[in-house]
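Me: I would like to go through this model in short turns. Please keep each reply brisk and give the cut-offs as we go.

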Amino acid sequence: MKMKLKKVLLRLTLILVCGISYSQVEINGYVKSSITNLRSISDIYIEQLGIEKPYLERTTMADSNGFFRIENLESNRLYKIKLSAYGYEDQVFEVKTDNGITETTLTLEAGCKYSKEQAVKDWKKGKPKLLLIGSVAPIVNSSADKRFEKKYGIKYLDFGCTPPIEECIKIYNEQIFELMDKKYGTEWRKKARSDVEYLK
């Protein structure tokens with residue numbers, strides 16, 4: 001009888017220990033953009049691939065710092081993780097767990113047509129732009145907008161509902177703002193369209 005009780009207790013102990021170690025195995029870390037080396041401006045979705053769970057149970061989101069956590073994993077197993085963020089192509093990463101918390105940094109790779117360097121080139125060629133994100137149809141310039149473009153030698157470019165990656169718009173516009181400030185002071189900012197992205 002004592003032997004039977006010992007076996008039952010041993011089995012329960014093993015189940016308990018395995019259960020605890022299983023729940024402590026996780027992958028956590030940060031997601032960043034290759035463009036800025038910071039968190040993407042867009043929402044970032046992290047999905048576990050190859051597991052039999054509904055989409056909502058195998059998907060999480062990175063927080064405002066780009067931090068994410070995937071819990072209740074198996075130790076010493078290779079997991080496939082898909083990252084999705086607006087403007088970026090979906091990207092899949094492989095991360096192998098150890099017996100506890102596996103920390104990692106995942107980078108969303110992308111290139112920019114509108115970059116800091118492109119802003120400088122456009123400025124030197126006399127073809128700078130102020131980038132906007134409109135709705136389904138771009139907003140037509142008013143008479144005041146056209147006078148602004150003529151006075152400052154710049155064009156508004158409204159992408160409508162299909163803009164490039166927000167990081168690209170941000171770094172392009174911020175470089176143009178800097179160049180405009182150097183040439184015209186800051187008065188131009190009060191006269192520019194209020195929907196120019198990242199203009200304060």
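Me: In which strand is the place of Glu47?
Reply: This is a predicted model, in which local features need pLDDT of at least 70, side-chain atom pairs count only at pLDDT 80 or more, and totals for chains, interfaces and linings use all residues. Residues are numbered from 1 along each chain as its sequence is written, and side-chain values use heavy atoms, leaving out hydrogens and water. Helices (H or I, at least four residues) and strands (E, at least two) are DSSP runs, numbered from the N terminus. On that numbering, Glu47 sits in strand β2.

Me: Is Glu47 buried or exposed?
Reply: Buried means under 20% relative accessible area, exposed over 50%, and partly exposed in between (1.4 Å probe, protein chains only). The relative accessible area of Glu47 is 8%, so Glu47 is buried.

Me: With which residues is Glu47 in contact, leaving aside its neighbours within four places in sequence?
Reply: Contact means heavy atoms within 4.5 Å. Ser84 is 37 residues from Glu47 in sequence, and their C-alpha atoms are 8.3 Å apart in space. Beyond four places in sequence, the contacts of Glu47 are Tyr55, Arg58, Thr59, Lys80, Ile81 and Lys82.

Me: What is the N to O distance in the salt bridge of Glu47 and Lys82?
Reply: Side chains of opposite charge can pair when their charged atoms come close. A salt bridge is a side-chain nitrogen of Lys or Arg within 4 Å of a carboxyl oxygen of Asp or Glu. For Glu47 and Lys82 the N to O distance is 3.5 Å.

Me: How many residues apart in sequence are the parts that the pair of Glu47 and Lys82 ties together?
Reply: The side chains of Glu47 and Lys82 meet in a salt bridge. Glu47 belongs to strand β2 (residues 44-49) and Lys82 to strand β5 (residues 78-85), so the bridge ties together parts whose separation in sequence is 35 residues.

Me: How many salt bridges does the structure hold?
Reply: Arg77 and Glu74 form one of them, at 3.3 Å from N to O. Arg77 is partly exposed at 28%, and Glu74 is partly exposed at 36%. The structure's count of salt bridges is 11.

Me: In which helix do Glu174 and Lys170 both lie?
Reply: The closest N and O atoms of their salt bridge are 2.9 Å apart. Glu174 is partly exposed at 34%, as is Lys170 at 29%. They are 4 residues apart, about one turn, and both lie in helix α4 (residues 166-184).

Me: Which residues do salt bridges that share partners join into one network?
Reply: Shared partners link several bridges here. The network is Glu47, Arg58, Lys82 and Asp90.

Me: Against which elements do the buried residues of α4 pack?
Reply: The buried residues of α4 include Ile169, Tyr172, Asn173, Ile176 and Phe177. One of them, Asn173, has a relative accessible area of 0%. Beyond four places in sequence, Asn173 touches Lys129, Leu130, Leu131, Val196 and Glu197. The buried residues of α4 pack against β1 (26-33), α2 (116-124), β8 (129-132), α3 (143-152) and α5 (187-191).

Me: Which residue with a positive phi follows α4?
Reply: Asn76, in the loop between β4 and β5, has a positive phi near 55 degrees and is not a glycine. Tyr198, in the segment after α5, has a positive phi of about 70 degrees and is also not a glycine. The residue following α4 has a positive phi near 80 degrees, and this residue is Gly185.
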